[in-house]
Amino acid sequence: QVRESQGGQLGGPATKGDYQKVYNAIAEALEKNPEYDDGSYGPVLVRLAWHASGTYDKHSNTGGSNGATMRFAPEANHGANAGLGAARDFMEEIKKQFPWITYADLWTLGGVAAIQEMGGPKIPWRPGRKDGTVEQSPPEGRLPDGDKGPDHLRHIFYKMGFNDQEIVALSGAHALGRCHKDRSGFEGPWTFAPTSFTNEYFNLLVNEKWTQKKWNGPPQFEDKTTKSLMMLMTDLALTQDSSFRKHVQRYAKSEDEFFNDFSAAFSKLLELGVPEENFKAFEAQLEGGRSFKF
Ligand code: ZEM
């Protein structure tokens with residue numbers, strides 16, 4: 001029996017090399033099924049890492065990535081998590097190869113690997129999350145809805161401890177992936193290259209004209225030029241509020257600034273609610289005592 005967080009052949013404490021092996025296994029499997037979506041599990045793995053972490057509430061210090069409570073039915077069945085079974089099944093295959101890693105570390109590491117392998121910035125990541133029990137599951141309703149405005153975004157993200165700049169930076173993840181009719185009810189990708197991590201989301205927000213799509217689905221917007229891309233109401237909210245808009249414009253101009261700010265905000269997201277002492281146990285192995293960069 002391999003104890004959790006006891007990596008390596010001899011069952012000693014997991015080292016950076018052990019986590020690198022997990023990272024590599026995730027990276028190698030991202031395109032294992034050409035039939036899946038746009039040919040990569042990358043986007044849905046990023047969404048799993050985000051939804052596992054974004055349930056954090058700073059007022060009660062509950063929720064967040066520690067615990068990996070989306071393994072249990074209540075949270076797995078939250079409306080916001082529809083479709084994430086595809087990502088959890090992907091991760092189950094990796095867990096079989098590395099039974100010593102916790103789901104909570106694995107799912108967050110999956111988000112890091114996916115972003116980096118799709119051309120995004122390096123994301124500092126630390127191991128130390130523990131798997132919890134169903135009693136630790138967060139209540140439904142802590143993740144954002146796509147059909148709302150700036151006040152809703154602030155309400156949801158301030159609760160996690162983010163500011164306006166971080167909200168905009170994190171939203172840039174919508175360069176990746178797509179909406180699925182049978183998951184969220186929305187339909188279509190945000191960009192023409194949904195498996196490449198770029199600042200294209202911000203370019204499109206600034207440079208395209210967006211009009212409301214005429215259909216019997218939930219309210220969403222389409223680009224005037226090709227009508228093949230989409231934006232949610234919450235995406236367009238970032239261009240309608242001056243405190244958000246200045247960052248949208250900045251990230252459209254400078255992919256470097258977007259990458260730097262996204263890396264910091266996503267790394268913070270993945271650690272919300274994880275007690276610092278969990279990370280301490282691994283500190284001796286961390287580069288410069290701070291974090292791993294794969
Ligand atoms: Zn998303 N997101 N998201 N997001 N998201 C979807 C898909 C993806 C919102 C939202 O309602 C939706 C962040 C923020 C917000 C990703 C990453 C991140 C979908 C489509 C919806 C409806 C789901 C489906 O049908 O499959 C809202 C309202 C947000 C508020 C700002 C943040 C923050 C993210 C990461 C940092 C990703 C990668 C996807 C694509 C998933 C896929 O399967 O392709």
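Visitor: How many helices and strands does the secondary structure of the chain come to?
Guide: This is a predicted model, where local features need pLDDT of at least 70, side-chain atom pairs count only at pLDDT 80 or more, and totals for chains, interfaces and linings use all residues. Residues are numbered from 1 along each chain as its sequence is written. Helices (H or I, at least four residues) and strands (E, at least two) are DSSP runs, numbered from the N terminus. For this chain the tally is 12 helices and 5 strands.

Visitor: What is the radius of gyration of the chain?
Guide: The radius of gyration is taken over C-alpha atoms, and the globule rule is 2.2 Å times the number of residues to the power 0.38. For 294 residues that rule gives 19 Å, and the chain comes close to it, so it is as compact as a globular protein of that length. Its radius of gyration is 19 Å.

Visitor: Is Ala68 buried or exposed?
Guide: Ala68 lies in the loop between helix 2 and helix 3 (73-76). A residue is buried if 20 or more other C-beta atoms, placed from the backbone, lie within 10 Å of its own, exposed if 12 or fewer, and partly exposed in between. Because Ala68 has 23 other C-beta atoms within 10 Å, it is buried.

Visitor: Where is Asp37, and what is its phi near?
Guide: Asp37 sits in the loop between helix 1 (16-29) and helix 2 (42-53). Most residues other than glycine have a negative phi. Asp37, a residue other than glycine, has a positive value, near 45 degrees.
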